[in-house]
Amino acid sequence: MKVVIFLPNWVGDLTMATPTLRTLRRHFGPNAHLVGIIRPYLRGLLGGTSWLNELWSYQPKGSDPTARFWAVVARLRRQRCDLAVLLTNSLRSGLMAALGGVRRRVGYDRDGRHWLLTDPVPLPRQGGRIRPMPMVEYYLGLADAIGCRRDSLCLELATRPEDEQSAESVWTQFGWQRAERPVVLNCSGAFGSSKLWPVEYFAQLAQRVVDQLGQKVLVFCGPSERQRARQIVQLAARENVVSMADQPMDFGTAKAVLRRGRLMVSTDSGPRHIAAAFGVPVITLYGPLEPIWSWNPTQRAVDLMVEQLDCLGCGRPKCPLGHHACMRELSVDRVYEALVQMWMSLGRQAA
């Protein structure tokens with residue numbers, strides 16, 4: 001059995017698809033050949049996992065000619081796959097699977113691609129509109145359509161020895177002992193500025209964690225948020241507040257660093273899901289997207305938002321009203337209170 005899986009294009013979405021990858025591997029068994037089609041920058045996220053036999057890069061406008069549309073189509077035709085599972089929603093992925101000669105093509109019936117699928121799966125709807133649902137359930141719905149028996153909803157990632165060695169080097173640069181487990185503040189927001197909590201709020205929260213809880217703070221960021229992370233450290237002005245802004249940014253290091261966190265306060269972004277995949281408790285700050293998309297009962301998680309806003313969950317990368325109230329009105333006091341409650345809960349569990 002040869003199965004090709006078109007993988008999600010965002011860090012958080014790909015992490016939330018890991019229960020589906022695990023389910024597909026269990027369903028088809030160790031002798032099946034599972035191929036993942038993935039954006040090149042995401043390859044390291046799945047490093048250390050064993051569900052897929054191969055990863056094929058796909059970057060339609062990239063410099064690598066082997067990762068472009070027609071090159072991947074030709075590779076699919078040579079592979080003669082039995083089944084395609086389209087975790088992506090695009091028309092292009094359906095077209096690629098059809099032109100690649102994949103015999104059975106399973107995906108959600110959306111974006112005008114019904115005619116490209118042999119098994120179009122109806123979208124869950126409510127009142128004529130797509131019903132909001134957890135992404136982990138959304139992806140597993142395609143496994144259900146194939147006839148798979150569901151596995152756990154737990155997100156799952158892995159690290160390799162070299163990843164742990166890189167994280168150890170980061171700890172050494174910070175002057176920390178190997179057993180040090182910091183509070184992680186994640187200021188990332190690749191989706192857009194609408195997901196970003198103000199840097200001054202993060203800095204004030206970091207000060208409280210150090211001064212009142214006596215804990216070290218690690219400010220985590222993506223490549224495009226390095227300056228924000230530096231600003232948070234500068235504004236916090238505490239020796240025990242450091243950042244990843246000048247550390248390696250590969251996924252292996254990121255995973256190994258995040259799994260060492262005691263707990264995380266995070267924007268609604270990819271690192272939040274990576275931490276959750278390693279069992280790290282997460283407090284997530286929501287605004288433009290509703291918590292339902294990330295909901296997962298297997299996680300230790302607290303979701304915070306400004307409930308009174310009519311514009312909550314607008315789904316826009318940038319605040320269309322210009323006030324960014326969904327993030328600015330989420331106070332440091334409220335976030336710190338949730339952090340303390342989670343901290344105390346973890347202490348009781350340890351006892």
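Residues are numbered from 1 along each chain as its sequence is written, and side-chain values use heavy atoms, without hydrogens and water. Because the model is predicted, local features need pLDDT of at least 70 and side-chain atom pairs count only at pLDDT 80 or more, while totals for chains, interfaces and linings use all residues.

Eight aromatic pairs are found in the structure; rings of Phe, Tyr and Trp (its six-membered ring) pair if their centres lie within 6.5 Å, and planes under 30 degrees apart count as stacked, over 60 as edge-to-face and the rest as tilted. One of them joins Phe-69 and Trp-70 edge-to-face, at 5.1 Å centre to centre and 85 degrees between the planes. Phe-69 is buried at 14% relative accessible area, whereas Trp-70 is exposed at 59% (buried is under 20%, exposed over 50%, partly exposed in between; 1.4 Å probe, protein chains only). Trp-197 and Phe-202 also pair edge-to-face, with 5.0 Å between centres and 90 degrees between the planes, and both residues are buried. Tyr-108, Tyr-138 and Tyr-139 form one aromatic cluster.

Strands are DSSP runs (E, at least two residues), numbered from the N terminus, and two of them pair if DSSP finds at least two bridges between them. Between β12 (residues 263-267) and β13 (residues 282-285), the parallel pairing runs over four bridges; Thr-267 has Leu-285 of β13 as its bridge partner.
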